[in-house]
Amino acid sequence: MATIRLDRVWKRYGLIEAVRDLSLTCDDGEMLALLGPSGCGKTSTLKMVAGIEEVSEGEILFDERPVSQLAPAERNIAMVFEDYALYPHLSVFENIAFPLRIRRLPGADLERRVASAIALLGLESLRDESVRRLSGGAQQRVSIGRALVRDPELILFDEPLSHLDGDQKVQLRAEIKRLQQTAGLTAILVTHDQTEAIAMSDRVAVMNEGVLQQCDAPQQLYDHPQNLFVADFIGEPPMNLIPVTLREADGAIFADGGGWHMALDRDAAGRLRRIATSDCVILGFRPEHVEVIEPSASRQEADTLAGRVAWTEMRGDSHVLTLVPIESETNSPAMSGEEQVTIEVRGVSPPVGEPIAIRVRHDLLNLFNPETGRNLSAVISEGRGPGGPK
Amino acid sequence: MAQSEALKLTSVDKRYGDTVALEALDLDIGPGEILALTGPSGAGKTTTCRLISGIEAPDAGEILLGARRLDNLSPQERRVSYMFESYALYPQLSVRDNIAFPLRAPGRRMRYDERTIALRVNEVLELVEMAHLAQRMPAALSGGQKQRVALCRALVQDATAYLLDEPISHLDAKLRHKLRGAIRRRLRQSDVPTLWCSPDGLEALSVADRVAVLIGGSIEQVDPPMRVYLAPASVKVARLLGDPPANLLEGELGRQSDRLVFRCDGFSIDLPEAVARRVETVSSSHKVVLGVRPTELTVAPASGAPDGAAAEIYTVEPFGKYTITTVRLGGCLIKSKSFDQTPLRPGDPVRVRFQSSSFLLFDLETGRALR
């Protein structure tokens, strides 16, 4: 397999810029996901890599060989489509053998390679079945087999799970990941589903409006989103994002906004002093990155948020609680997002209406510049100045 | 307006030719209650809505609103507000007019002036964050936007009951989260019964006062969310709920000195006293299904963990807030959910420990819970 590199790639359709100045690398043996809402440019990118669409500007390289002038058939790429694209009248074996028959591979060779793909995908018992009798999950395994058997330099997965229902989706998701890791496949996955992207890939490239927002390992993306778009796009329930005004008093820094008041710990305060150019920032923290303070504590600690439980949702092994500031109305149906804080707790849920105090894990607290959307904490840890990368 | 009343279905049957869609269905939704109806596709959720709304008639049984028989009334007379899974928007009407349609429809009981209609339409559009799209035509909407219009058209009505058939299934995760709360609070303001259908077990747990699990046309269990999750009545229910659902292992019970153990293909699990007490009356060597939730086992690298059953990593899926690890243990693939991260790869040797006082136990033959 090969290392795939996109070097300052643009895709224009007339005046519309579908992909803008995209540089990305998918290493040999890596699964890279392209993730984003519809219209973000992920499918255009996939099509350019496959050779189905021309590159408007920039270059795509396989092991540093430029390929943008090569036809799809000359690129040694295999594709797995969302609707499987199998030959319905052929058996599992013949579907997988198809690309080898076209290449007129000798019988014994063909037999051996198809058998090995069938074994890898656990399709032995279905070998001679007609594919139209198979479940969606099994059909998609056949189409992955057909991709593998060609021994391509790169496999492109285009929304491979979107036609499957719950159970089969979860199962095949794990199977593809296992196969990719054990066989060392180089693969690019295009999906709109963050769960799929995060679970299956080594790294995820998040795109929006044709522009790459962040490309990182899933955990990094989750804990340290580089900007507001990524922060808001990744995670369910989404990250709390509260616009606050900073105020200095008694040597500490307080954040006030949306009816909430909280003192920032010394670390976060120190970071802020160095970077914040304005008193306005957006405080971001994930619903599960909080600690619920024992209700016995009668007085509010300065570094906690004090609120009331507005409503609760049971999520199996956890509860999602929506909190509002202690003095606000809890039962208006349309409440501004800024007033609400969502937290996720394991174990027993406090009842609706109950006062509650939480402490945010400051090591996982993110601070964003409301104008540029940049994560101020990321700027610090990367040793870059404020203002963003571009 | 009439006082709100409970919606009740008793012994309802529905067949399509030889296919039994619903069999002896009993459901009872109180005034102001949200009952979630969940089950796999084809379970009969939509059929239930169609019978209550009056689009179709049951073959047997009764549908009651309070003391009044509904099944003899026309759909208009029932005044049940039904959000179709297929949306069924009028393509020639704008978003605003689609939503206002039931308020202007001929034969309606209440008359609304245009000002009231505008206020009500705006209120529901704001609830689903679509006020800025009021003038759009349906053809210019995305699937998720169409779904929200259909939802608005259901919520805008003064109804005797709400039937919401997969109201938020086509929305993205963020909007689903917001709307679960917003719709619930909106429904709380009225005190009519609501039936909320969803194939997503987690959605059912999060929105409902009670959850009814429908499988193959029959009700498996009706209980509050916590109870359905903690004490599923059958293997079929356990398979539907949880993220991911419990591992369901087939094996048999046995005694080892004075302890009760569960024996499976290639390994065994000690069952704690609390679980043993539940099965005092069944013989040892009874065939059972043991339900182990993914949080009830731990997986550690074999090098650092002397205890536990020897297993091998099958896959690791890191989700950000937790990691799902699948191990091959004996002849089984078992999922574990953990909140810390140990770098493990397929093929790595590990040890697995099962620890819980709340394992689920089912009879293998009947699939029913042993309690």
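Here are some notes on this predicted model, chain by chain and then on the contact between the chains.

1. Some housekeeping. Residues are numbered from 1 along each chain as its sequence is written, and chains are lettered from A, with ligands numbered from 1, in the order in which they are written. As the model is predicted, local features need pLDDT of at least 70 and side-chain atom pairs count only at pLDDT 80 or more, while totals for chains, interfaces and linings use all residues.

2. Start with the domains of chain A. The assignment gives domain 1 (4–232) and domain 2 (237–381); such bounds come from an automatic or database domain assignment. Their C-alpha centres lie 39 Å apart. Nine residues of domain 1 of chain A are in contact with twelve residues of domain 2 of chain A, where contact means that the C-beta atoms, placed from the backbone, lie within 7 Å.

3. Which helix gives the most to the side of domain 1 of chain A that touches domain 2 of chain A? That's helix α8 (residues 228–233) of chain A, with four residues. Helices (H or I, at least four residues) and strands (E, at least two) are DSSP runs, numbered from the N terminus. By class, this side of domain 1 has four nonpolar, three polar and two charged residues. Here Ala, Val, Leu, Ile, Met, Phe, Trp, Tyr, Cys and Pro count as nonpolar, Asp, Glu, Lys and Arg as charged, and the others, Gly among them, as polar.

4. Now the cores. A nonpolar core is a set of buried Ala, Val, Leu, Ile, Met, Phe, Trp, Tyr and Cys residues joined through C-beta atoms within 7 Å. Buried means that 20 or more other C-beta atoms, placed from the backbone, lie within 10 Å of the residue's own. The largest core has 109 residues, and those touching the most other members include A:Ala33, A:Ile96 and A:Leu189. Both domains of chain A give residues to this core, so it lies between them. Leaving aside neighbours within four places in sequence, A:Leu189 is in contact with A:Met31, A:Ala33, A:Phe157, A:Ala197, A:Met200 and A:Ser201. A second, separate core of 99 residues includes B:Val12, B:Leu51, B:Val192 and B:Val213.

5. Chain A also has an open sheet of four strands, in the order β2-β1-β4-β5, with antiparallel pairing. Two strands pair if DSSP finds at least two bridges between them. At the edges sit β2 (16–26) and β5 (65–66) of chain A, each pairing on one side only. Five bridges join β1 (residues 4–13) to β4 (residues 57–62) of chain A, and A:Asp7 stands opposite A:Glu59 in β4(A).

6. Over to chain B, with its ten helices and 20 strands. Its C-alpha atoms fill a box of roughly 75 × 45 × 35 Å, taken along the principal axes. Of the 371 residues in chain B, 42% are buried.

7. One helix to look at is α5 (residues 143–155) of chain B, which has 13 residues. Its buried residues include B:Val149, B:Leu151 and B:Cys152. The buried residues of α5(B) pack against β6 (80–83), α3 (95–104), α4 (114–127), β7 (161–165) and α6 (173–189) of chain B.

8. Finally, how many residues does each chain bring to the contact between them? Chain A brings 28 residues and chain B brings 35 residues. On the side of chain A that touches chain B, α5(A) gives the most, with six residues. That side divides into twelve nonpolar, eight polar and eight charged residues.

Technical notes:
Contact = placed C-beta atoms within 7 Å. Buried ≥ 20, exposed ≤ 12 C-beta atoms within 10 Å, placed from the backbone. Expected span 1.5 Å × (residues − 1).
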